[in-house]
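Okay, let me get the model up on the screen. Have a look at it while I talk you through a few spots.

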Amino acid sequence: MRKLCLLILAAVFVLSSRANLRLPNVLSSNMVLQQRSQVDLWGWCDPGEKIRIVASWNDKVDSVTGTRDGRWKITLPTPAAGGPYVITFKGWNTVVLDNILVGEVWVCSGQSNMEMCETWGLPDVRAELPVCNNPNIRFFHIPRTTSTHPQDDCPGKWTPCDSNELKSFSAVGYFFGKKLNQDLNVPIGLIEASWGGTPAEVWTPTSMVAEDPALQAAAERLQPANGWPYLPGFCFNGMIAPITPFRIAGAIWYQGEGNTVNGDMYSKIFTAMIAAWRSAWNEPLPFYYVQIAPFTYGANNQGTIVREQQAKTMTLENTGMVIVSDLVDDTTNIHPKNKHEVGYRLADWALAETYHKSGITCKNPTYQSMEIKGDKVTLTFDNAPGGLILKGSDAKAIVIAGEDHVFYPAKAKIEGNKLIVSAAAVKKPVAVRYQFSNAGIGNLAGKEGLPLAPFRTDNWPVPLQ
């Protein structure tokens with residue numbers, strides 16, 4: 001009898017010492033998985049523990065064995081968009097995830113203009129609350145988290161979109177997802193990882209900054225501030241690294257104001273960050289971002305330089321930039337309230353370039369070339385198939401200069417997709433600038449509706465401070 005009791009106690013001890021099968025928070029009920037792809041499922045368990053996984057879209061039993069360090073990972077194919085589905089994980093214990101959808105998953109990241117939500121007093125989000133309930137849009141909101149080293153899990157949970165959840169979720173992200181859901185007619189998963197005030201360096205792996213002397217020097221110019229981190233890698237480690245095994249379709253980004261002190265290096269750090277994210281996901285992710293809005297920065301040209309650097313990033317493959325100067329009604333507010341149109345314009349980039357939908361205008365008219373004849377400059381533009389239009393009687397925020405580098409307000413005449421520019425004070429023009437100032441807002445656009453992108457024809461030095 002004593003021997004039997006000892007055997008029972010030993011069995012209980014063995015069972016109680018076994019680690020429970022565990023999943024990261026991003027793998028949970030209500031999640032959206034990327035459709036028609038190979039998705040990774042992963043977690044932790046006992047070393048050598050055998051785990052059986054059954055996904056209800058095919059009811060096939062797959063299995064994986066825990067590694068010596070108590071981890072496991074398996075790759076499963078997903079079907080076309082649909083659901084809801086159930087995934088069952090069975091090891092020493094059983095975990096069941098339900099109400100899972102398969103569709104398109106996007107990361108929404110950046111600083112405060114991405115973070116802004118209904119609680120910031122946004123009227124366009126407040127108007128959505130009575131009609132926003134949509135089980136085919138799901139949110140995963142990562143709270144502000146930092147770490148000195150890359151983490152393998154982060155706080156958060158998947159929730160269906162309703163009036164309560166929308167109040168604290170990114171307005172830009174929501175409107176982006178809403179338009180994708182409407183136009184693609186598939187479930188949309190949105191992962192928000194944003195933190196107001198943060199520079200791009202904190203969203204970039206530490207090693208990538210430390211190993212590049214130019215990026216390191218630029219990072220040293222960042223100014224510590226209460227309320228947000230500034231050291232390279234801290235947000236990447238805590239908020240991006242944990243979700244990189246989770247398959248996504250792409251990312252949207254609204255940030256740049258936090259880099260005005262080292263804005264002349266923004267294109268370099270931003271392209272490094274995009275490259276790092278693509279490497280971490282092992283995918284050439286589409287990356288669509290917002291050019292920072294006109295604002296009365298205190299120092300010379302801070303916003304101007306960042307916007308120019310953001311435009312340069314467009315040379316990177318599979319990127320797209322949204323211009324929002326026409327959506328700003330107060331240049332003393334760094335947080336424009338119109339997030340509805342921002343989200344929709346980002347969605348148009350995704351619909352046209354990622355999902356190859358026809359008939360969508362997502363590219364702004366951009367400066368292509370100039371020709372000087374006498375006292376006039378003729379400018380030609382790309383992405384203006386219907387020509388340019390002037391919203392008002394006189395062109396705003398356009399200036400012209402001669403060899404003395406002194407700029408004067410210019411008059412502009414439209415001829416199709418060309419702009420003829422002159423000023424009485426400039427007899428021999430050599431350069432034209434449009435909306436090339438911190439708070440300047442122009443009134444030129446393409447007939448398709450999108451504003452003309454800020455530009456300058458010269459490469460003269462521009463002081464950042």
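So, in helix 10, the buried residues are Q302, G303, T304, I305, V306, R307, E308, Q309 and Q310. Buried here means under 20% relative accessible area, with exposed over 50% and partly exposed in between, using a 1.4 Å probe and protein chains only. That's nine of the eleven residues in helix 10, which runs 302–312, so the helix is mostly covered. Helices (H or I, at least four residues) and strands (E, at least two) are DSSP runs, numbered from the N terminus. And what does the covering? It includes helix 9 (266–281), strand 12 (287–290), strand 13 (319–322) and strand 23 (455–456).

Quick background: this is a predicted model, where local features need pLDDT of at least 70 and side-chain atom pairs count only at pLDDT 80 or more, while totals for chains, interfaces and linings use all residues. Residues are numbered from 1 along each chain as its sequence is written, and side-chain values use heavy atoms, leaving out hydrogens and water.

Next, T354, in helix 11 (residues 340–354). Leaving aside neighbours within four places in sequence, T354 is in contact (heavy atoms within 4.5 Å) with W106, P286, Y288 and W349. A249 is 105 residues away from T354 in sequence, but their C-alphas are 8.6 Å apart in space.

Last one: S147, in the loop between strand 8 (134–141) and strand 9 (158–161). Is S147 buried or exposed? Buried, because its relative accessible area is 11%. Beyond four places in sequence, S147 is in contact with G233, F234, N237 and G238.
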